[in-house]
Amino acid sequence: MELFDLLTYYNVLFLAQDALTTLALSAFGCVLGGILGTALAVVRLTRGKLTLPLRGLALVFTEFFRRVPFLVTLFLCFFAFQFGGLEVSTLTVGCVTVVLIGTAFLAEIVRAGLQSVHPNQWHAAEAMNFSLLQTIRYVILPQAWTVILPPAFGFFILFIKDSALASQIGVVELTYVGKVLNNRGFSAGVTFGTILVIYFAISFPLARLGAKLEKKLGSSRTR
């Protein structure tokens with residue numbers, strides 16, 4: 001059978017390596033994007049005229065990259081590096097793209113989570129002369145975490161699928177491998193059927209873990 005011909009040692013190794021590339025690309029975008037997104041969310045919660053320009057920039061960044069499709073952002077980054085005369089790999093372009101998109105989406109998720117905490121908590125921290133960062137770190141974030149984590153986890157799983165678009169500029173990940181194997185003579189049905197199974201094998205356990213965490217956090221909020 002053609003499937004057994006496809007699943008030779010070197011092809012399986014090829015698929016496994018690039019499955020890890022897909023997972024690493026998504027994880028990199030979510031981890032670094034989560035850090036930068038949290039910073040943007042905090043900036044948007046500041047008050048006062050001095051931070052108004054920063055709030056405006058954070059808002060524009062968040063709204064822009066949440067509205068522009070992944071593929072368009074990918075090509076924008078690709079051509080921006082070329083226009084700047086910077087010789088970087090396509091994987092670097094992919095990493096920059098996923099960080100930009102991850103930052104924008106996670107900034108909104110974190111902001112919504114922080115603002116979900118009752119205003120009395122903010123006022124109590126302010127009455128105790130906590131700074132904004134102290135308030136978020138010690139009072140708000142521990143309560144908002146249960147609201148932030150489930151959608152952030154769901155975004156990570158969706159991001160794994162969206163990262164397939166990085167193959168359009170030559171990033172060697174799962175979808176790109178599917179094209180390579182198809183060009184080697186394997187049928188599209190067998191090749192991309194195998195890729196589909198691998199994507200499912202990556203996403204399904206993460207989805208179950210996310211559902212388990214959401215259920216656990218939901219019960220803790222109820223208590």
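**From a loop into the core**

Author: Val-171 lies in the loop between helix 7 and helix 8, where helices (H or I, at least four residues) and strands (E, at least two) are DSSP runs numbered from the N terminus. The model is predicted, so local features need pLDDT of at least 70 and side-chain atom pairs count only at pLDDT 80 or more, whereas totals for chains, interfaces and linings use all residues. Residues are numbered from 1 along each chain as its sequence is written, and side-chain values use heavy atoms, with hydrogens and water left out.

With 1% relative accessibility, Val-171 counts as buried; buried means under 20% relative accessible area, exposed over 50%, and partly exposed in between, for a 1.4 Å probe and protein chains only. Leaving aside neighbours within four places in sequence, Val-171 is in contact with Thr-90, Leu-91, Ala-166 and Tyr-176, contact being heavy atoms within 4.5 Å.

Residues up to four places away in sequence aside, Thr-22 touches Ile-160, Ser-163, Glu-173, Leu-174 and Tyr-199.

Leu-174 leads on to the largest nonpolar core, which has 49 residues and in which Leu-114 and Leu-174 have the most contacts. Such a core is a set of buried Ala, Val, Leu, Ile, Met, Phe, Trp, Tyr and Cys residues joined through side-chain atoms within 4.5 Å. At least two residues of this core come from each of helix 2 (9-44), helix 4 (70-83), helix 5 (90-115), helix 6 (119-127), helix 7 (132-162), helix 8 (174-183) and helix 9 (188-222), and helix 7 gives the most, with 12 residues. Not counting residues up to four places away in sequence, Leu-114 touches Leu-45, Trp-122, Ile-136, Ile-140, Leu-141 and Ala-144. In soluble globular proteins, nonpolar side chains tend to be buried together.

One contributor, helix 4, has 14 residues and reaches 20 Å from its first C-alpha to its last, close to the expected 20 Å, a span taken as 1.5 Å times one less than the number of residues. The buried residues of helix 4 are Phe-70, Thr-73, Leu-74, Cys-77 and Phe-81. Seen down the axis, these buried residues fall within an arc of 105°, so they line one face of helix 4; the arc is that of the directions from the helix axis to the C-beta atoms. The buried residues of helix 4 pack against helix 3 (52-67), helix 5 and helix 7, and after helix 4 comes Gly-85, whose phi is positive, near 70°.

Arg-66 lies over the face of Phe-105, at 5.9 Å from the ring centre; the rule asks for NZ of Lys or CZ of Arg within 6 Å of the ring centre and within 35 degrees of the ring normal.
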